[in-house]
Amino acid sequence: MKLIILDRDGVINHDSPDFIKSPAEWIPVPGSLEAIARLNQAGYRVVIASNQSGIARELFDMATLNAIHHKMHSLAQQVGADIDAVFFCPHAAADNCDCRKPKPGMFSEIAQRYKLSLKGVPVVGDSLRDLQAGYVSGCVPYLVLTGKGEKTQATGGLPPGTQVFADLAAMVAHLLKTAAAATPTTTPAPAINQ
Ligand SMILES: [Mg+2]
Ligand SMILES: [Zn+2]
């Protein structure tokens, strides 16, 4: 099974310094949902790991977060994209939980849920903490320049081996092209007649 872990805000949808607090504020980055559909077609299960401290800050509640995700899933469906699961941390930094990125708690949960090692699993984020949480979990880090990405790139200190792409669509195009190149060309096995 192939898995890819995405941050949400600034990767799939436009981010806002004022948080995404309602379905109306959840606007996809152009091409991101289509990129998820391409991943699905290539056999990837797509999982989100997202810090949502707006819950702890009481900027929005769980019902609203569910409504936001309902909009996300239905827009995804319209282009044939499927997001397998959304993991989120509802805590504030002061709560000192294990799940708020850069801590790897959500990544451990994902590994448990899917019963696999995250070694080599791509992680895509626009913030350093997304990549740090993934990197310590064995993931391969990809920075996108949407959302906070340009600022993150300028600040530096990215985990070793981080690859940088303009957006999720460009990252996915690269990932799938690389995978296709790595697949050995084999002659079809002869049919076995029994
Ligand atoms: Mg983000
Ligand atoms: Zn948390």
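In this predicted model, buried residues account for 39% of the 194 residues in the protein. Of the contacts in the protein with a separation of 6 or more, 62% are made by residues 24 or more positions apart. The protein contains six helices and six strands, and its elements run, from the N terminus on, in the order β-α-β-α-β-α-β-α-β-α-β-α. The radius of gyration of the protein is 17 Å, close to the 16 Å that the globule rule gives for 194 residues, so the protein is as compact as a globular protein of that length. The C-alpha trace spans about 65 × 35 × 30 Å along its principal axes.

The six strands form an open sheet in the order E3-E2-E1-E4-E5-E6, and their pairing is parallel. Strands E3 and E6, the latter comprising residues 163-165, are the edge strands, each of them pairing on one side only. From one strand to the next, the twist averages 25 degrees. Helix H1, residues 32-41, packs on this sheet and touches E1, E2 and E3, with a direction that makes about 135 degrees with that of E2. Elsewhere in the sheet, E4 and E5 pair in the parallel sense over four bridges, and Val 123 stands opposite Pro 141 in E5.

The largest nonpolar core has 47 residues, and those with the most contacts inside this core are Ile 5 and Leu 168. When residues up to four places away in sequence are not counted, Ile 5 touches Val 47, Ala 49, Ile 110, Val 121, Val 123, Gly 134 and Cys 139. Among these partners of Ile 5, Ile 110 is one of the buried residues of H3, and Gly 134 is one of the buried residues of H4.

In helix H3, the buried residues are Met 106, Phe 107 and Ile 110. Seen down the axis of H3, these buried residues fall within an arc of 100 degrees, so they line one face of the helix. Just after H3, Lys 115 takes a positive phi of about 55 degrees.

Helix H4, residues 128-135, is mostly covered, with seven of its eight residues buried. The buried residues of H4 are Leu 128, Asp 130, Leu 131, Gln 132, Ala 133, Gly 134 and Tyr 135. Their cover includes strands E1 (2-6), E4 (122-125) and E5 (140-144), together with helices H3 (105-114) and H5 (149-155).

Leaving aside neighbours within four places in sequence, Gln 52 is in contact with Leu 65, Phe 88, Cys 89 and Pro 90. The C-alpha atoms of Gln 52 and Cys 89 are separated by 5.5 Å, although these residues are 37 residues apart along the chain.

How values were computed. Residues are numbered from 1 along each chain as its sequence is written. Chains are lettered from A and ligands numbered from 1 in the order in which they are written. This is a predicted model: local features need pLDDT of at least 70, side-chain atom pairs count only at pLDDT 80 or more; totals for chains, interfaces and linings use all residues. A residue is buried if 20 or more other C-beta atoms lie within 10 Å of its own, exposed if 12 or fewer, and partly exposed in between; C-beta atoms are placed from the backbone. Helices (H or I, at least four residues) and strands (E, at least two) are DSSP runs, numbered from the N terminus. Two residues are in contact if their C-beta atoms, placed from the backbone, lie within 7 Å. The arc is that of the directions from the helix axis to the C-beta atoms. Two strands pair if DSSP finds at least two bridges between them. Axes are lines fitted to C-alpha atoms, for helices over the stretch in contact, and angles run from 0 to 180 degrees between N-to-C directions. A nonpolar core is a set of buried Ala, Val, Leu, Ile, Met, Phe, Trp, Tyr and Cys residues joined through C-beta atoms within 7 Å. The radius of gyration is taken over C-alpha atoms; the globule rule is 2.2 Å times the number of residues to the power 0.38.
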